[in-house]
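Me: Can you walk me through this structure? Keep it quick.
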Amino acid sequence: MEGTLNVAHERTTPTPSLSPDSFNAAYKQTTTVAMAIVAALPIYVVIAEILMRNATRTELPETLGTLRIVMFVVAGMVIFTTTLLKGILLRSAPPDAPGRLARLRTATIVALGLSEMPAIFGLILVVLGSTRADFYMLLAISGYMMVRHFPRRGAWEEYVRRGSTLAVR
């Protein structure tokens with residue numbers, strides 16, 4: 001019986017708070033990953049421009065119009081899905097600061113990874129039909145999403161301190 005009481009007591013004991021060094025290291029690592037994801041966008045531009053300049057002008061496939069619509073609709077859905085997913089991941093904040101920081105890192109990296117999807121859709125359209133305007137519109141959507149989900153220090157500190165999702169969405 002005492003063993004059970006000790007286990008219950010261990011669960012209610014508060015965990016140590018997060019040191020500033022741990023927070024800074026986690027924030028810096030996540031920002032580095034975020035910068036690497038953002039750095040893919042200019043690379044996509046170079047790839048798309050090379051593909052468009054080297055493409056032979058042929059008749060566009062008949063299904064390209066439908067595929068364009070589908071990709072734009074999915075890109076729009078990704079905006080809302082990413083925001084919703086990040087909110088769900090952050091809504092039930094762990095009780096301890098290290099747990100909240102780990103959850104925030106995961107949510108941020110997932111959101112930024114999903115933010116690349118529209119740009120990739122644009123590259124697919126370039127490969128299929130050399131549609132420059134479509135590529136740049138989808139690239140702009142990706143850029144918007146990356147700016148929106150890029151880690152901001154003040155919002156991170158607020159979330160880790162309180163577990164409030166208002167600042168990090």
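Me: What lies over the face of Y27?
Reply: R153 does, at 5.0 Å from the ring centre. A charge counts as over a ring if NZ of Lys or CZ of Arg is within 6 Å of the ring centre and within 35 degrees of the ring normal.

Me: Before we go on, what kind of model and numbering is this?
Reply: The model is predicted: local features need pLDDT of at least 70, side-chain atom pairs count only at pLDDT 80 or more, and totals for chains, interfaces and linings use all residues. Residues are numbered from 1 along each chain as its sequence is written, and side-chain values use heavy atoms, with hydrogens and water left out.

Me: Back to Y27. Buried or exposed?
Reply: Y27 has 14% relative accessibility, so it counts as buried. Buried means under 20% relative accessible area, exposed over 50%, partly exposed in between (1.4 Å probe, protein chains only).

Me: How many aromatic pairs are there?
Reply: The count is three. Rings of Phe, Tyr and Trp (its six-membered ring) pair if their centres lie within 6.5 Å; planes under 30 degrees apart are stacked, over 60 edge-to-face, the rest tilted.

Me: Why is the pair of F23 and Y27 stacked?
Reply: Their planes are at 10 degrees, with ring centres 6.2 Å apart, so the pair is stacked. F23 and Y27 both sit in helix α2, four residues apart, about one turn of the helix. Helices are DSSP runs (H or I, at least four residues), numbered from the N terminus.

Me: And Y27 with W156?
Reply: That pair is edge-to-face, 5.4 Å centre to centre with 80 degrees between the planes. It links distant parts of the chain: Y27 is in helix α2 and W156 in helix α8, 129 residues apart. W156 is at 2% relative accessibility, so it counts as buried. F23, Y27 and W156 form one aromatic cluster.

Me: How about N24?
Reply: N24 is also in helix α2. At 32% relative accessibility, it counts as partly exposed. The C-alpha atoms of N24 and R153 are separated by 9.3 Å, with the two residues 129 apart along the chain.

Me: New topic. Which residues of α7 are buried?
Reply: D134, F135, L138, L139, S142, M145, M146 and H149. Seen down the axis of α7, they fall within an arc of 130 degrees, so they line one face of the helix. The arc is taken over directions from the helix axis to the C-beta atoms. On the other side of α7, A133 and V147 are exposed.

Me: How far does α7 reach?
Reply: Helix α7 covers residues 132-149 and reaches 26 Å from first C-alpha to last, close to the 26 Å expected. The expected span is 1.5 Å times one less than the number of residues.

Me: What do the buried residues of α7 pack against?
Reply: They pack against α2, α3, α4, α5 and α6. Contact means heavy atoms within 4.5 Å. The buried residues of α4 pack against α5, α6, α7 and α8.

Me: Which residues touch the most other members of the largest nonpolar core?
Reply: L41, Y44, A48 and F135, out of 14 residues. Its largest share, five residues, comes from α3. A nonpolar core is a set of buried Ala, Val, Leu, Ile, Met, Phe, Trp, Tyr and Cys residues joined through side-chain atoms within 4.5 Å.

Me: Where does L41 make contact?
Reply: L41 touches A119, L139, S142, G143 and M146, leaving out residues up to four places away in sequence.

Definitions and conventions
Helix = DSSP H or I, 4+ residues; strand = E, 2+ residues; numbered from the N terminus.
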